[in-house]
Amino acid sequence: MLPFKNIIALDRTKKQPLYRQVSLGIIAAITKGVLKPDTFLPSSRALAEILSLHRKTITAAYEELSIQNWIVIQPRKKPKIARNLPLFTETTIGSLRGFSSYHDSFPFSINETVETITEADRVSEISIDDGYPDVRLSPIDELLKTYRLFASKKYSITNAHVGTIQGTLRLRRALAQYLSETRGLTIAPKNLLITHGAQMSIYLASKLLLKKGAKVIVGKPSYPIASKAFKSLGANMIEVPVDDKGIDTDRIEEVCLQQEICAVYIIPHHHYPTTVTLSAERRMKLIALSKRYKFAIIEDDYDYDYHFTSAPYLPLASGKHHGNIIYIGSFSKILDSSLRLGFMVAPENFITQSVAYRKLIDGGGDGYMQNALAVLIEEGGLKRHLKKTKKVYHQRRDFLDCLLFEKLADFITYTLPLGGMAIWIKLSRAYAVKKLLQHKELHISRVDVAQNAFRFGFASMNKQELQTAVLKLEAILKKTKPLNV
């Protein structure tokens with residue numbers, strides 16, 4: 001039997017639950033080739049004895065791995081590594097400990113052209129956004145209290161703008177630790193750039209990475225802001241279908257066999273706009289393809305924290321990817337969409353170039369707010385907020401699901417997402433989604449005419465507001481004359 005005590009490294013001083021440490025240890029061993037597909041794991045009782053843990057802890061870890069399709073659990077049999085996972089070259093067990101995800105330098109060429117993009121929006125009496133947090137639940141008061149405290153101290157005032165181009169050192173230290181605990185990212189502050197939201201990170205990354213004529217793969221449909229950024233740089237976009245398991249990695253492989261690809265842009269959790277989650281099998285295959293065909297991955301994980309059915313999948317960036325992945329996240333989706341705070345994680349040389357380029361277009365962030373956010377992270381306020389809002393948003397998703405079934409079942413179809421802040425709704429062919437845009441009293445932020453669909457953001461609405469919006473949709477659709485199809 002393999003030495004599972006060495007494979008699964010437990011740290012009882014961490015705040016991270018032990019069952020989660022066990023599941024992450026097994027995932028790491030699978031992705032590094034130590035545990036092969038279709039091989040058996042010890043029984044929950046046996047592994048509990050090996051690791052000196054309670055059997056329920058191992059059972060919880062195995063259940064999470066099963067939900068995420070890493071392992072298969074069958075009655076009266078030992079758990080088994082999923083058969084359909086790619087086979088990786090075996091590494092030494094010792095290499096599972098202490099490696100850095102961003103030890104290697106970014107191996108691809110960097111673009112230095114400058115261009116800007118703008119986008120407009122409007123607000124109506126009843127507005128269905130495409131997935132915003134509820135600011136009424138946000139710890140803004142706590143943030144502002146700390147903000148005012150910093151603004152009143154001479155030392156803080158003197159140093160308020162020191163290092164804000166890359167992000168204050170205090171925030172980058174706190175964030176590096178937080179991302180290690182919650183997302184398995186083994187990084188240092190030098191691997192982090194604090195930005196004004198995920199969109200800024202996407203633009204900076206694509207600006208430095210994509211030369212004119214470079215080919216970048218995106219999902220179909222995809223995030224329009226990212227697509228606009230790629231187009232503005234003269235890149236050639238290749239659309240690859242997104243199905244119920246995420247972006248089609250088999251199709252990506254077919255494209256790579258025919259032409260040279262510079263980058264692949266993905267949204268692994270709750271793909272925008274369709275809300276599907278990229279499967280474990282496809283995550284592993286995409287990393288393997290990146291190594292084989294030498295393309296970068298831009299991993300936009302903007303709403304990682306809101307996964308309801310299980311713990312979120314670990315980011316692709318948490319693995320041993322030789323610096324090929326640029327990882328992007330956002331606090332705007334956690335705290336408030338108007339609080340423009342995001343981050344980029346990348347190899348040090350890529351971050352250095354991003355900081356240098358940012359100086360041309362932005363003087364840096366708000367040092368007071370960055371340090372206030374650092375305090376919120378350090379003192380556990382962010383984790384407490386996420387625990388509360390995750391429960392609330394889960395309830396709102398389920399409440400909206402009941403409303404849609406009761407009021408709009410004759411007009412729409414949808415698949416309930418595993419997490420996120422929105423539901424992707426398709427209208428039946430007899431009703432054109434563009435008709436919904438003609439009603440001034442109702443505004444829908446994200447409509448896709450080609451897909452005859454729209455996103456219904458539920459996180460920012462309480463139950464009364466959700467009911468009001470659904471009843472308005474019902475009234476409009478009932479008054480709409482069906483098309484001849």
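This section describes the aromatic pairs, the nonpolar cores and the setting of one serine in a predicted model.

Seven aromatic pairs were counted in the model. In one of these, the rings of Y327 and F343 are tilted relative to each other, with a centre-to-centre distance of 6.5 Å and an angle of 40° between the planes. Y327 belongs to strand β10 (residues 325-330) and F343 to strand β11 (residues 342-345), so this pair ties together parts that are 16 residues apart in sequence. Both Y327 and F343 are buried. A tilted geometry is also found for F331 and F343, whose ring centres are 5.7 Å apart and whose planes make an angle of 55°. Here the link runs from the loop between β10 and β11, where F331 is located, to strand β11, which holds F343; the two residues are twelve positions apart. Together, Y327, F331 and F343 make up one aromatic cluster.

The largest nonpolar core comprises 85 residues, and F331, F454 and F456 are the residues with the most contacts inside it. Among the elements contributing to this core, helix α14 (residues 381-408) gives the most, with eight residues. When residues up to four places away in sequence are not counted, F331 touches L175, D336, L341, G342, F343, L373, I377 and L382. Another core, of 38 residues, lies apart from the largest one; L208, A226, A263 and I298 are among its residues. In soluble globular proteins, nonpolar side chains tend to be buried together.

A buried polar residue was examined as well. S206 is placed in helix α8 (residues 198-209). The relative accessible area of S206 is 0%, and the residue is therefore buried. A polar atom of the S206 side chain lies 2.9 Å from the backbone oxygen of I202. This distance falls within the 3.5 Å limit for a polar contact. With residues up to four places away in sequence left out, S206 touches A229, F230 and L233.

Conventions:
Residues are numbered from 1 along each chain as its sequence is written. This is a predicted model: local features need pLDDT of at least 70, side-chain atom pairs count only at pLDDT 80 or more; totals for chains, interfaces and linings use all residues. Side-chain values use heavy atoms; hydrogens and water are left out. Helices (H or I, at least four residues) and strands (E, at least two) are DSSP runs, numbered from the N terminus. Buried means under 20% relative accessible area, exposed over 50%, partly exposed in between (1.4 Å probe, protein chains only). A polar contact is a pair of N or O atoms within 3.5 Å; within protein, one must be able to donate a hydrogen and the other to accept it, and residues adjacent in sequence count only if both atoms are side-chain atoms. Contact means heavy atoms within 4.5 Å. Rings of Phe, Tyr and Trp (its six-membered ring) pair if their centres lie within 6.5 Å; planes under 30 degrees apart count as stacked, over 60 as edge-to-face and the rest as tilted. A nonpolar core is a set of buried Ala, Val, Leu, Ile, Met, Phe, Trp, Tyr and Cys residues joined through side-chain atoms within 4.5 Å.
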